[in-house]
Protein chains: 2
Amino acid sequence: MRFNRQLESIKVYEGGKPIELVMREYGIAPEDIVKLASNENPFGTSPKVVEAIKANADTVHMYPDDSMIELKTALGEKFDVDTSNIILGAGSDQVISFAINAKANKHKKVLTARTTFAMYEIYAKQIGATVIKTPSHQHNLDEIYSKYKKDGDVGIIFLCLPNNPLGECLDKEDVFKFISKIDENTMVVVDGAYQDFAAAKDPKKKIDPKELIETFPNTLYLGTFSKSYGLGGMRIGYGIANEEIMQALYKMRPPFNVTSLSLKAAKAALEDEAFVQMGIENNFKEMKKYEEFAKKNKIDFIDSYTNFITLLFDKTKNSSEIAQLLLKKGIIIRDLKSYGLNGIRVTIGKPEQNERFFTEIEPLL
Amino acid sequence: MRFNRQLESIKVYEGGKPIELVMREYGIAPEDIVKLASNENPFGTSPKVVEAIKANADTVHMYPDDSMIELKTALGEKFDVDTSNIILGAGSDQVISFAINAKANKHKKVLTARTTFAMYEIYAKQIGATVIKTPSHQHNLDEIYSKYKKDGDVGIIFLCLPNNPLGECLDKEDVFKFISKIDENTMVVVDGAYQDFAAAKDPKKKIDPKELIETFPNTLYLGTFSKSYGLGGMRIGYGIANEEIMQALYKMRPPFNVTSLSLKAAKAALEDEAFVQMGIENNFKEMKKYEEFAKKNKIDFIDSYTNFITLLFDKTKNSSEIAQLLLKKGIIIRDLKSYGLNGIRVTIGKPEQNERFFTEIEPLL
């Protein structure tokens, strides 16, 4: 059977074996496993979320409220924007796909930093759009601008602020200066999946969605419940933009794209900001230990504005080997070899998880 | 801002106000509302599902197991197919989108019956593919074949068996004869969202996914957990096809496309077939009452192989008016005016819900 041509350049995403299987292979007990691979919240999710899920468990036969008005109202209050400026997705991922499907095509390209969130490229390839990237791994606005000017056919620019999987974050002032030079017909997406971490560490990094979209009509802000709010398994995120962009995104949205329990869980999560703040405080307190550990062991690291840290090895070490050896000891982290980097990304865990990581990796260095 | 051209022909899907709001407007108490509009399971979902959701409520901070191996194994056993022949979607809807994105495009069309599941057309339009339809509302294989031959550029044919929103169902034998005349390069999708209802009513309607895909390499079978399994709010469905088609569908799948609780809920639902059978038995017992009611009131109806019945009015009545008057009394059903039909689709409810419907509609006829 012949399929659409763009499929030829797409590799099937390999989900990887479930942890349980890997660990069974290595004979490791579940309680000895430390997963610091997916930037999940190590404290789980708010007890209010668990309560909301249990309270609504017997309503799952009914389709979700497709207006999603309860959650949109709560988000609207949080960000001081109208509910008509908000769209919800099955993860902010899905809002990325709406934006790419609306703005990119075989002739209109997607522009990103060299090493950034993998979904930008995955969704672009699915519709046969070309992705162009900067020479530098980390976000470099001069390079992004130069690519944008040189190409002339860019439909969307993605800025991941702070950047996953590297952790760096541009200053708001520089970002605003950059966007002011971009043609209003090019969409600029500010992916704020980890913004609450960045804003807590350094106010200069903070991008307010309302100010962003009021200053620039061609911007789309993305947020997620998967990280600080602890809802990675529920697949829920959001986009904030002006009416014109919203209209386009809603045209690409399938009805009932978020589950009923995800809507209830996210609403409950928003009602427990204390839980989120507790996680963020632990994060930066613990991150200091990673920085000290790296310095002590002469490992390079990228100053991180997220809930993970990227350690970069010199030529005497091999990130894939280290990742594999850690796995055998029950420590799961992310190898960055597939991004062309000799490094690993480690989610900041709870104190005892981080201690385990230090203890297990030290002999491998 | 300019968007991709296909957006010009797409209307934003209007989710409709949540019931709660409508009812508050009309001053109707929640306990007086009877919702027979979305073909949900009137008995809710299995207690085993509720239990599984509650038991996993505190794990939602972790991303879903993207291999989805537990649920695929359970489905593989149910249908006697290999797990590599199965793909899971956020509703079978999403598998429809994978298929359309892989096979249809600006030059390759989508062919359907005139009145069938709305998502085929919605997804086709999102990628700018043309949809061609038969003159008849209900599935007519001669008409579908004639459109297919005449056009010559059909990428996918959708057969909704039984058909939503009308309820009719083709015989398996006729379907197999039809598919045998279709070129192997055209994908034929058998949407079996309501197959368990059809198979229970008349074994001649039953299509076995394994037999289908082993007989025809160009077929994709779709199933859902939203109907008889009572998981409409959890957004989970599946596709079954041969390796070649699976490879293509997996290329269009975003990682983590189903929530962790949906996977757990679906697995639990599969373990309680008795609950499903109870619902199906009630369905056809109660459907007889609708048929008798229709005959008594001289209303046409379509012989239904699903969990709903379509009532067709003569010119003295107006389906939209009737739907609106019912709504004011707290009865929610689906008006079919937007499909060009003067009729309504009513989900078969529990005995007391159906009695309420008969009582409220009778004075309007």
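Trainee: Which order do the strands of the open sheet of seven strands in chain B have, and what kind of pairing do they show?

Mentor: In general, strands of a sheet pair through backbone hydrogen bonds, either parallel or antiparallel. Two strands count as paired if DSSP finds at least two bridges between them, and the elements themselves are DSSP runs numbered from the N terminus, with helices (H or I) of at least four residues and strands (E) of at least two. In this predicted model, the open sheet of seven strands in chain B has the order S2-S8-S7-S6-S5-S3-S4, and its pairing is mixed. Residues are numbered from 1 along each chain as its sequence is written, while chains are lettered from A and ligands numbered from 1 in the order in which they are written. Because the model is predicted, local features need pLDDT of at least 70 and side-chain atom pairs count only at pLDDT 80 or more, whereas totals for chains, interfaces and linings use all residues; side-chain values use heavy atoms, with hydrogens and water left out.

Trainee: Which strands stand at the edges of that sheet, and why is one side of each left without a neighbour?

Mentor: Strand S2 (86–89) and strand S4 (131–133) of chain B stand at the edges, and each has a single partner strand, so one side of each has no neighbour in the sheet. From one strand to the next, the twist averages 25 degrees, where axes are lines fitted to C-alpha atoms, for helices over the stretch in contact, and angles run from 0 to 180 degrees between N-to-C directions. For a parallel pair, look at strand S3 (residues 109–112) and strand S5 (residues 154–160) of chain B, which are joined by three bridges; there, Leu111(B) has Ile157(B) in S5(B) as its bridge partner.

Trainee: What is the order of the open sheet of four strands in chain B?

Mentor: That sheet has the order S9-S10-S13-S12, with antiparallel pairing, and its edge strands are S9 (300–301) and S12 (334–335) of chain B, each of which pairs on one side only. S9(B) pairs with strand S10 (residues 308–312) of chain B over two bridges, and Asp300(B) stands opposite Leu312(B) in S10(B). Helix H12 (residues 273–296) of chain B packs on this sheet, touching S9, S10 and strand S13 (343–347) of chain B, and the direction of H12 makes about 5 degrees with that of S10(B).

Trainee: How many residues of chain B are in contact with chain A?

Mentor: Contact means heavy atoms within 4.5 Å, and by that rule 70 residues of chain B are in contact with 70 residues of chain A. Buried area is the accessible area (1.4 Å probe) that two parts lose on being put together, summed over both, and between chain B and chain A this area is about 6000 Å², of which carbon and sulfur atoms give 61%. Met1(B), Tyr63(B) and Lys251(B) supply 13% of the area that chain B buries against chain A, more than any other three residues.

Trainee: Which peptide bonds in chain A are cis, and where do their prolines lie?

Mentor: Most residues other than glycine have a negative phi, and most peptide bonds are trans. Here a cis peptide bond joins Leu161(A) and Pro162(A), with omega about -5 degrees, and the bond from Asn164(A) to Pro165(A) is also cis, with omega near 15 degrees. Pro162(A) lies in the loop between strand S5 (154–160) and helix H7 (172–180) of chain A, and Pro165(A) lies in the loop between S5 and H7 of chain A.
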